[in-house]
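Here are a few notes to read alongside the structure, with the charged side chains as the topic. Have the sequence to hand as you go.

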Amino acid sequence: MSLLHASSAVASAMGAQWLPRPALEALQLRRLRRTLAYCAAHVPLYRRLWREAGVTPDDVRTLDDLRRLPIPSRRLIEEDPTQVVSAEHLALYRSGRAPIRRSGGSSGGPRLEIHADPASWRRLDGFYFRALAAIGYRPWIPMAYFWSAPLPRSRFGLMPKVHVPAHLDEEAQLRVLESNPGIFWYYHPTSLFALAQRAPERLRQARPRGVVSHAELLTDSMRATIEGALGAPVYDQYGTSELNRMAWQCRVRRGYHVDADSYVLEILDDDDRPVRPGEVGRAVVTGLANRMMPLVRYELGDLLVASDRRCACGRTLPMIERIEGRAADRVRLPGGRRLSPRALLEPYGAIAGLEQLQLTFEASGAARFDYAGAPDAAIEAAIRARFEATCPGVALRVNRVDAIAKAPTGKRPMLRNERPVDGRFTR
Ligand SMILES: [Zn+2]
């Protein structure tokens, strides 16, 4: 990729975020219609589904018209991903040489790999940079990445990287961060939280200029604990393993800006209607960049809160209000009420001395709370009191452990649900 290509992707993304809203929507609609026409010509699943539904891309004349297209079952794509591979790119797909994004699959479904064509991969760089620039990042400032795989080399000497391997324990992570003071961090919130609870004074001495949290749910209480330790703001980003980062916080840190020039993100109720601002719904996304495996109205499996907020920063990119977590991780209480992952986890981010946590709802209906932290009876008492307040009537065991295992990706699941609730979303 040439410097010219890189700068043009960045310039285009940087400009779009300030467009008057009608111009931004016109740009999004243009890209959407181009994507749909491409799918109708080249992608077997959409050709078949749209024919069966009696619709064509020409029926999509406005952004709202997107709802006329069916939402494919996620299971259908997981079982045979080649159905969403463009005929044009099938040979490159089969060669295995295209960049890949992976997803864990929906509740036990097969692992889904989304391959991207190289041109779309390059365009994503512009969107990636835009979100960082919005929090004061500049391309000559190093960024520490808490990341499992080796990092790609920085190109043209720009965006220099410091690797914090995700398998490192807290002490080893702190040493890397302390020896690189004054830079930006790109981190998983559960790991930041563990550092903040264990060694706030050392974290503060590492003086990050800005901290991006991504890849896991960040509750408000965890955020407050991390920011209190750092003395610096945390900017959360929302993405999925299939589709990169899709929404991000600017310096205002209220809600998330959606990369609307790269995705159409819908937030829908059980009847596939858009929810009102402030309401929770399921995330359904259409990618506007990837031509190798285009995803049109793809069910992400996440719960989001819709927003009609106009951000004080002046960017016109539409917003989502909040991330509620995976729909499959919701828990049904004995009275029938369902709680989102955020509602289940929010109480625990402010317990002093609690460093790592994992709340499991077992198939038997009981719950188990594993935690790592100081040997302090007050921690267990606080966990019990908060659990009883949020999940009344559910039996609880609390175990102190040395550490809660991280996945190879560095994620440390805070919630495990062995009894997923049904597919309906209304609470
Ligand atoms: Zn903003």
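1. A quick term before we start: a salt bridge here is a side-chain nitrogen of Lys or Arg within 4 Å of a carboxyl oxygen of Asp or Glu. Keep in mind that this is a predicted model. A search of the whole structure turns up 31 salt bridges.

2. Which residues are linked in a network of salt bridges? They are D220, R322, E324, R342 and E346.

3. Start with R342 and D220, whose side chains meet in a salt bridge at 3.7 Å, N to O. R342 sits in helix 11 (residues 341-345) and D220 in helix 10 (residues 220-230), so this pair ties together parts that are 122 residues apart in sequence. R342 is buried, at 6% relative accessibility, while D220 is partly exposed, at 46%.

4. Next, R322 and E324: their closest N and O atoms are 2.9 Å apart in a salt bridge. R322 counts as partly exposed at 31% relative accessibility, whereas E324 is buried at 4%.

5. Now have a look at R297 and E266, which form a salt bridge through their side chains (2.9 Å, N to O). R297 is in the loop between strand 11 (280-287) and strand 12 (298-306), and E266 is in strand 10 (residues 263-268), so the two tie together parts 31 residues apart in sequence.

6. Are the two partners in that last pair buried or exposed? R297 is buried, with 2% relative accessibility, and E266 is buried too, with 9%.

How values were computed: Residues are numbered from 1 along each chain as its sequence is written. This is a predicted model: local features need pLDDT of at least 70, side-chain atom pairs count only at pLDDT 80 or more; totals for chains, interfaces and linings use all residues. Side-chain values use heavy atoms; hydrogens and water are left out. Helices (H or I, at least four residues) and strands (E, at least two) are DSSP runs, numbered from the N terminus. Buried means under 20% relative accessible area, exposed over 50%, partly exposed in between (1.4 Å probe, protein chains only).
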